[in-house]
Amino acid sequence: MAHSVCLFDIDGTLLDTGGAGLAAMQAALQSEFGVRLEEGRIPTAGRTDRAIVLDMMACFGIPESDETLSRFTAAYLQHLRMTLHQRRGLVLPGVPELLRRLHEHPHVHVGLLTGNFREGARLKLEHYGLYHYFQFGGFGDRARDRNDVAREALVEVHRHLDGKVSLERIWVVGDTPADVECGRAIGARVIAVGTGIVPNSQVQAAGPDFFFKSFADPTDVLRLVLPDGMDGNY
Ligand SMILES: [Mg+2]
């Protein structure tokens, strides 16, 4: 039987952290550099953490160097542990069932394609009890451009599966036009979901192969992604 791969975005697709990520970045700017960033000044949806952090630092004239970046990142991860507890977030509807059913299928492989720093992704997913589903992925530590994260994720897919999967069976799943574009950039198929902050019309206009308002009923997604559709007992 053919293998299928699903590469998931995190924020707005699997989780709504209640703003814990941005709050932790604001706290890191404050504690490390003594500056205060108002909400909404730097766009975050669909972008990599590296791009967001570099924009934030540029905004305050903080010089970009390995030293300032690693100070920021260490402080961010420290604050994120707290903001995840402070903010009231949630796992988006249907996501636990979707992940469970993908995970239990022997020919489906579930990974990440996220703009989060690798360690930030782990903290967010562990907080909400979802981390164990993900075996590999592409992350936002080095790339400014999400398309490069997609390329990194694709390399990991082929490494994980020893090249035994074709592009038409690789699905990128996300909530922003940038998710759709990065899926296209690697020739994968794209499922978009309308549970993020970008208006549904904008996400649909980016041209995903399929669009769902939410995963509250994951049946149709499973039918698309499972190599044997909904046959068998999966
Ligand atoms: Mg997202």
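The second largest pocket of this predicted model has a volume of about 150 Å³, whereas about 670 Å³ of space lies in the largest pocket. Because the model is predicted, local features need pLDDT of at least 70 and side-chain atom pairs count only at pLDDT 80 or more, while totals for chains, interfaces and linings use all residues. Residues are numbered from 1 along each chain as its sequence is written, and side-chain values use heavy atoms, with hydrogens and water left out.

**Terms**
- A pocket is an open set of points on a 1 Å grid over the protein atoms alone, where a 1.4 Å probe fits, with protein on both sides within 12 Å along at least five of seven lines; lining residues have an atom within 4 Å of a point.

**Largest pocket**
- Its lining has 35 residues, and Asp11, Thr17, Thr44, Ala45 and Ile197 lie nearest the centre.
- Because domain 1 (4–17 + 90–225) and domain 2 (20–86) both give residues to the lining, the largest pocket lies between them; the domain bounds come from an automatic or database assignment.
- Helix 1 (20–33) is among the elements that each supply at least two lining residues, and helix 1 gives the most, with six.

**Second largest pocket**
- Residues lining the second largest pocket include Leu112, Arg118, Tyr131, Phe134 and Glu156.
- Helix 5 (residues 118–127) gives the most to this lining, with three residues; helices are DSSP runs (H or I, at least four residues), numbered from the N terminus.

Terms used:
Points joined across faces, edges and corners; volume = space filled by probe spheres on them.
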